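Subject: Structure for your study

Dear colleague,

Please find below the sequence and structure that I am handing over to you. My notes follow.

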Amino acid sequence: MARTAKRYSDKVIKIQNNDIETFYVGIYSRLSVDNNSRKSESIENQIEIISQYISDNNSNPYRKMNLKIYDTYIDRGITGTSFKRDGFERLMQDVKTHTVTCIIVKDLSRFGRDYLETGNLIEKILPFLGCRFIAVADNYDSMSENVNESKLAMNIKNLVNEMYAKDISKKVTLAREMSARNGSFVGVTAPYGYEIVHVNGLRKLQINEECAEVVREIYDLYSQGESFNYIRLKLYNGRVHSVRDYKKYGHVYCQMGEVLHQWSEGAIQGILQNSSYTGDLIQCKRKSKLHEGEKEDRITIQNVHQAIVSREIFEKVQVRFENRKENDRCKYNLKNTENIYRNILYCGNCGKIMHSVYNQSRVNDERHYAYFCKRAYRVDPKRCQKNYIREEQITEFISEQLRNILKEKNVKAKDLTRLSMEEYNRIISDYASEEKKICEECEVMRKKAGDKFVQYKEGFMSREEYDLFKQNRKEQDAFAEKRLVELQKRIKKAKRKAEEENKFLRSLFKVNQCKKMNIQFIESLVEKIMVFPNGAIDIVFNFSKEGR
């Protein structure tokens, strides 16, 4: 059944005690590299400094606030240039639910090294959420009387922190590239079949013969036309540990008392497409922006270590991969191929995402999907029960649940379609506004070009300056043209999606006449769908997330 839970009961977190406000503190500590040699920056030292600050504040008879520790949030080995950190995300979740009303860090760099994002969080988002922010070493308190005087210093420090992070990143990148050009292996772990050894100050790959035999067998089988499933089963029957279990146990073949798991298809594909097995090293891959698209830069050194497979067999395998990709492209170029549940459908038994199959209509090329748990076909201890469901069954169940919810809330079809159109009109309006702004900027540039030409002809501008202006205008015109085409496509797409969505919303109120949804709409409605082997379906709607 669809789950709709009760909303949070309002909890009063800030309390007044003799006119002294109490804040519930989230202590945040982060270290990019957890290195014990850096005692001044260690996680423990950061927490100790913050704890001492809280203790000193609470023991001060003239204090203006009480600080009570709610929880400690830690991120180890995580860069400050990104806010995708487990500890930080858990902290912000508690801030949003008002269980944490004050964040305290040792200094601003611990909170983040992205100048714009860090400043936006401290100056806009946290005040909006009613959360105080204190950086002890930087003497910054977002609710202090002199906070406006401290903001400039805080912004400068955030900018310095970001520049420092970029400088360190650049130096590390250059060092890695230099090592790679010298033929050193710069990866963290060696590819399966190799071991890392140090030769004349360089990290080299050396063959591990026991693993190498497994790699050769995988290449031989695939080059002879065998499928991934056949290879996986053969390795399992041969009691060959998967790559993950090999790293865990330290040997290739399963021994008494150890658990044997099947190889994943991804691990086999990774081995078959890794050119390291030919003796080459392709490292430091990165994409650089150009005026027209992107270019991939990489450092390639050939014959830098002993090969496990010949170039001939490697190339033969790559040809088979290309043929496979071409077949897939031909399949997915057909119309009506939208697999709308691919990102949100999970097996209720094992919790893994379900895989899709389809049958293709010979009349209109339309696909009809069904989903199954792939783990039901494993032969190892991770085997799951058989679990299968058709796309139409899911759509029918979602529609029924939505109808029930809308009926309880006395919502009519016209209300839903009106709200939907308002949202899409807002999106289209934003695109149209940007389109208008670009056209206005192009007109300004056109007039400016006339003035510049006159200045050049009258000798008030050099040829070099005029040529530079023309080049800049050319690039701006090219960007504007490309962006205008993209905006037109987005406007058409938004109108199409609005029409599809409104058809579905109207059909919700007509039993057994529900239209097919689009993937954007379904993912905006549903967070997760759990399908169980007994046929039960559990839906978690996005609009009930606040209440869980």
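At what angle do the axes of helix 6 and helix 9 cross? The axes of helix 6 (residues 209-223) and helix 9 cross at roughly 90 degrees and come within 10 Å. Axes here are lines fitted to C-alpha atoms, for helices over the stretch in contact, with angles from 0 to 180 degrees between N-to-C directions. The two helices, helix 6 and helix 9, are therefore roughly perpendicular to each other (a term for angles of 65 to 115 degrees).

Before going further, please note that this model is predicted: local features need pLDDT of at least 70 and side-chain atom pairs count only at pLDDT 80 or more, while totals for chains, interfaces and linings use all residues. Residues are numbered from 1 along each chain as its sequence is written, and side-chain values use heavy atoms, with hydrogens and water left out.

**The whole chain**

The protein chain has 14 helices and 17 strands (DSSP runs numbered from the N terminus, helices being H or I with at least four residues and strands E with at least two). Of its 548 residues, 38% count as buried, that is, under 20% relative accessible area with a 1.4 Å probe, protein chains only.

**Helix 6 and helix 9**

On the side of helix 6, V215, I218, Y219 and Y222 make the contact (heavy atoms within 4.5 Å), and helix 9 contributes I268, I271 and L272. By class, this contact has 7 nonpolar, no polar and no charged residues; Ala, Val, Leu, Ile, Met, Phe, Trp, Tyr, Cys and Pro count as nonpolar, Asp, Glu, Lys and Arg as charged, and the others, Gly among them, as polar.

In helix 9 (residues 265-272), I268, I271 and L272 are buried. Seen down the axis of helix 9, the buried residues fall within an arc of 100 degrees, so they line one face of the helix; the arc is that of the directions from the helix axis to the C-beta atoms.

**The largest nonpolar core**

A nonpolar core is a set of buried Ala, Val, Leu, Ile, Met, Phe, Trp, Tyr and Cys residues joined through side-chain atoms within 4.5 Å. The largest has 34 residues, of which Y192, I218, Y219, W263, L272 and Y277 touch the most other members. Helix 6 gives the most to this core, with 8 residues.

**Y466**

Y466 is found in helix 13 (residues 463-507). At 11% relative accessibility, Y466 counts as buried.

Yours sincerely

Technical notes: Buried < 20%, exposed > 50% of the residue type's maximum accessible area, 1.4 Å probe, protein only. Parallel < 35°, antiparallel > 145°, perpendicular 65-115°, else oblique.
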